[in-house]
Amino acid sequence: MRLVPIEWCRPGMRLAKKVFNEEGLVLLAEHVELTQRMVERLALYGIPHLYIEDERTDDVVIRDAITVETRRMAMGVIRTNFKRVMLDSLPRRAAYQPYMGKSFMEALKMIIDDLSQNPGAMIMLTDISITDMYLYQHSLNVCIYATMLGLADGYSKNDLTMLGLGALLHDIGKTKLPTDILKKPGKLLDSEFETMKRHTEYGYRLLKDEPNIPLLSAHCALQHHERMDGSGYPRGIRGEEIHDFAKWIGLVDSYDAMTTNRVYRAAMLPHQAMEVLYTGADSLYEKSKVEHFRDRVAIYPLGATVTLNTGETGVVVDVNSQFAQRPIVRILEDQEGQTLKEPYEIDLSTHLSVIVKGIGNVQVAEPIKFT
């Protein structure tokens with residue numbers, strides 16, 4: 001399979017991976033033949049790329065981070081509970097929902113069980129989803145990334161649960177924000193941004209007395225926008241004053257926000273987002289965590305089309321876990337753009353003079369510096 005930018009997709013191409021709807025249900029299954037209308041609708045929904053069947057890369061198999069069943073269950077729990085809180089205008093005590101914590105715990109257990117099947121997996125783009133509310137998908141993504149990091153670090157079951165719940169619920173406070181701010185298609189005014197910042201405190205208040213939600217998870221909602229140099233919010237705390245779990249969630253929250261299509265900007269590619277995170281290492285994010293995260297992220301996702309400085313074009317067919325920024329590439333076209341009759345592979349970790357100059361339809365301005 002190949003990861004193809006949506007603007008390169010054409011009628012007659014066949015999907016290699018499912019596309020999910022906003023409830024975690026399969027919208028388009030594998031092997032479905034694309035029509036022009038399908039491509040246009042998916043582009044309208046903000047889908048930046050699709051996995052497409054290609055016999056030259058049919059051995060490239062990309063495993064979903066979680067199963068369809070787990071995704072459906074988790075998205076259902078997020079959607080149902082977030083909407084309940086969003087529509088509830090009564091004081092918190094009167095709106096008490098004793099089973100919200102229980103349902104999120106059940107969803108997290110399924111996520112952990114799935115991710116535990118492959119604890120050494122790299123963080124990479126796998127599932128393609130459409131949603132009418134970025135908040136829902138983002139909450140699930142941040143939970144998956146944070147839980148993968150916790151598993152890789154050998155967290156205890158208790159710590160993994162607190163981290164995972166904190167990640168899953170880190171943005172629940174946004175359900176109490178005005179919809180026109182939450183879905184605004186452009187830059188927020190200063191006054192609107194001040195309102196947006198309150199979601200951290202709203203989230204903490206929603207969670208701190210909730211049965212089955214650890215208090216530390218509530219603090220993750222409160223602290224995930226705090227930064228190492230004290231420039232974050234809501235309290236402007238710094239360094240060791242910020243809990244480790246909140247530091248992790250703040251990091252992956254930023255990464256997922258940057259690599260997701262938004263109404264006001266296109267998604268960054270993983271290597272671009274990592275460059276931004278590195279720019280903020282030590283000032284915004286703990287440098288050791290950025291480095292550890294880098295080692296777990298597939299900078300160039302499996303199936304991605306890349307152009308090399310040699311002029312050749314190929315597809316990423318494997319990731320070097322020790323050198324994530326130097327993948328194994330199957331060359332499909334020569335320097336003149338001619339299709340090779342016999343594709344061959346090059347391991348960039350052993351060919352140091354060869355670098356990726358472009359990925360998909362995006363050029364890499366210069367070699368990636370984080371090593």
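Figure 1. Of the 371 residues in the protein chain, 53% are buried (buried means under 20% relative accessible area, exposed over 50% and partly exposed in between, with a 1.4 Å probe and protein chains only). This is a predicted model, in which local features need pLDDT of at least 70 and side-chain atom pairs count only at pLDDT 80 or more, while totals for chains, interfaces and linings use all residues. Residues are numbered from 1 along each chain as its sequence is written, and side-chain values use heavy atoms, leaving out hydrogens and water. The protein chain has 12 helices and 11 strands (DSSP runs numbered from the N terminus: helices are H or I with at least four residues, strands E with at least two). Among contacts in the protein chain with a separation of 6 or more, 65% are between residues 24 or more positions apart (contact means heavy atoms within 4.5 Å).

**Figure 2. The largest nonpolar core.** Here you can look at a core of 85 residues, where Phe104, Ile144, Leu277 and Phe293 have the most contacts inside it. A nonpolar core is a set of buried Ala, Val, Leu, Ile, Met, Phe, Trp, Tyr and Cys residues joined through side-chain atoms within 4.5 Å. Helix H4 (residues 134-152) gives the most to this core, with 11 residues. Apart from this core lies another, of 12 residues, including Leu15, Val19, Leu28 and Leu34.

**Figure 3. Helices H8 and H9.** Helix H8 (residues 199-207) packs against helix H9 (residues 215-223) at an angle of about 165 degrees, and their axes are 7 Å apart. Axes are lines fitted to C-alpha atoms, for helices over the stretch in contact, and angles run from 0 to 180 degrees between N-to-C directions. H8 and H9 are therefore roughly antiparallel to each other (angles under 35 degrees count as roughly parallel, over 145 as roughly antiparallel, 65 to 115 as roughly perpendicular and the rest as oblique). On the H8 side, look for Thr200, Glu201, Gly203, Tyr204 and Leu207, which meet Leu215, Ser217, Ala218, His219, Ala221 and Leu222 in H9. In the loop between H8 and H9 sits Asn212, whose phi is positive, about 70 degrees, although it is not a glycine. Asn212 counts as partly exposed, at 45% relative accessibility.

**Figure 4. Helices H9 and H10.** Next, H9 packs with helix H10 (residues 244-258) at an angle of about 50 degrees, with their axes 9 Å apart. That makes H9 oblique to H10. Leu216, Cys220 and Gln223 in H9 meet Phe245, Ala246 and Ile249 in H10. The loop between H9 and H10 holds Pro234, and a cis peptide bond with omega of about 15 degrees joins Tyr233 to Pro234.

**Figure 5. Met1 and its contacts.** Met1 lies in the segment before strand E1 (2-5) and is buried, with a relative accessible area of 11%. Not counting residues up to four places away in sequence, those that Met1 touches include Ala16, Lys17, Tyr51, Ile52 and Gly303.

**Figure 6. His31 in a loop.** His31 is found in the loop between strand E3 (26-28) and helix H1 (36-44). Its phi is near 75 degrees, a positive value in a residue other than glycine. At 52% relative accessibility, His31 counts as exposed.
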